[in-house]
Amino acid sequence: MVNYKELGLVNSKELFAKAMAGQYAIPAFNFNNLEQLQAIIQACVETKSPVILQVSSGARKYANQTLLRYLAQGAVEYSKELGYNIPIVLHLDHGDTFELCKSCIEYGFSSVMIDGSHHDYNHNVELTHQVVEYAHQYGVSVEGELGVLAGIEDDVSAEHHVYTQPEEVSDFVKKTGVDSLAISIGTSHGANKFKPEQCTRNADGVLIPPPLRFDILEACEKMIPGFPIVLHGASSVPQDKVDTINQYGGALKDAIGIPEEQLRRAAASAVCKINIDSDGRLAMTAAIREQFALNPKEFDPRKYLGPARDALKEVYKHKIVNVLGSVDKA
């Protein structure tokens, strides 16, 4: 077993306390490969932001659990090399079994999410508590979830929203002992978060999605005052990236995300962790498609993965500075 402290990582508890006091959110960026990790660390060092490196079950299978351990350790040393030792959390995103969470803890993760939201309430409580009991022996933070987000991302899939019931959150937190709670207030996974018929059009003809349910968020805050809340499925789906993808042969239709001003409002509340994945995928795909179209003779992966990495870094710097508010909080 490898403890996360041996890798130079931190858990999320102190980061969340500071974020709530400072009314900002910690970026939780998913990664699967070296280029994504480089972009995340570069963006966070340049903005002096703490960061949560998120790994889904699918990403762990793709990258390999042993390599991930050393990539995380390398990320810590890389940040120092770039000139600033930022706090880095390695987090399991949407763990669905006790065994998966246990394995991640044993491989050096400093935080895990146990997502029992697809079970009935009592089973969710029981499973989450089981993970908490094990994780806390090793100082590992645990995130639980109440409510279900619609959409598809990696191994997580649901057709419909199930909004979090505020009257359940206090009981859930008390019985499970979790360190943070993911809630459902209208965000969703993937690049197609809403159907066009769910949206309205502004004067320029741009589709505007329905607003997040801040009433549910505020009710949850009242039930668990001072407790860290998490938002999943919070990509904004920048239309310039979608347009570039489609311009160079892509087929993304009706890709609609969460307006950034709504996420900034959430970040100033008890929401102290905001997950962003699809925006990064879009940025990299747009850059790669453009490179393939403009340089069709090129076959060196560095020549298209490098620009993709750079595009991702700029997107994440923008999120840190203008949306999450975590700049200079490392």
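At 56% relative accessibility, Gln247 counts as exposed, a term used for residues over 50% relative accessible area, whereas buried means under 20% and partly exposed lies in between (1.4 Å probe, protein chains only). Gln247 belongs to helix H9 (residues 239-247). Helices (H or I, at least four residues) and strands (E, at least two) are DSSP runs, numbered from the N terminus. Between Gln247 and Ala286 the C-alpha to C-alpha distance is 9.2 Å, although 39 residues separate them in sequence.

The model is predicted: local features need pLDDT of at least 70 and side-chain atom pairs count only at pLDDT 80 or more, while totals for chains, interfaces and linings use all residues. Residues are numbered from 1 along each chain as its sequence is written, and side-chain values use heavy atoms, with hydrogens and water left out.

A pair of aromatic rings is described by the distance of the centres and the angle of the planes. Rings of Phe, Tyr and Trp (its six-membered ring) pair if their centres lie within 6.5 Å; planes under 30 degrees apart count as stacked, over 60 as edge-to-face and the rest as tilted. By this rule there are 5 aromatic pairs.

Tyr121 is in helix H6 (residues 121-136) and Phe172 in helix H7 (residues 166-176), so their pair links parts 51 residues apart in sequence. Tyr121 is partly exposed, at a relative accessible area of 22%, but Phe172 is buried, at 0%.

Two packed helices are described by the angle between their axes and the distance between the axes. Helix H2 (residues 34-47) packs against helix H4 (residues 65-82) at an angle of about 40°, with the axes 10 Å apart; axes are lines fitted to C-alpha atoms, for helices over the stretch in contact, and angles run from 0 to 180 degrees between N-to-C directions. H2 is therefore oblique to H4, since angles under 35 degrees count as roughly parallel, over 145 as roughly antiparallel, 65 to 115 as roughly perpendicular and the rest as oblique.
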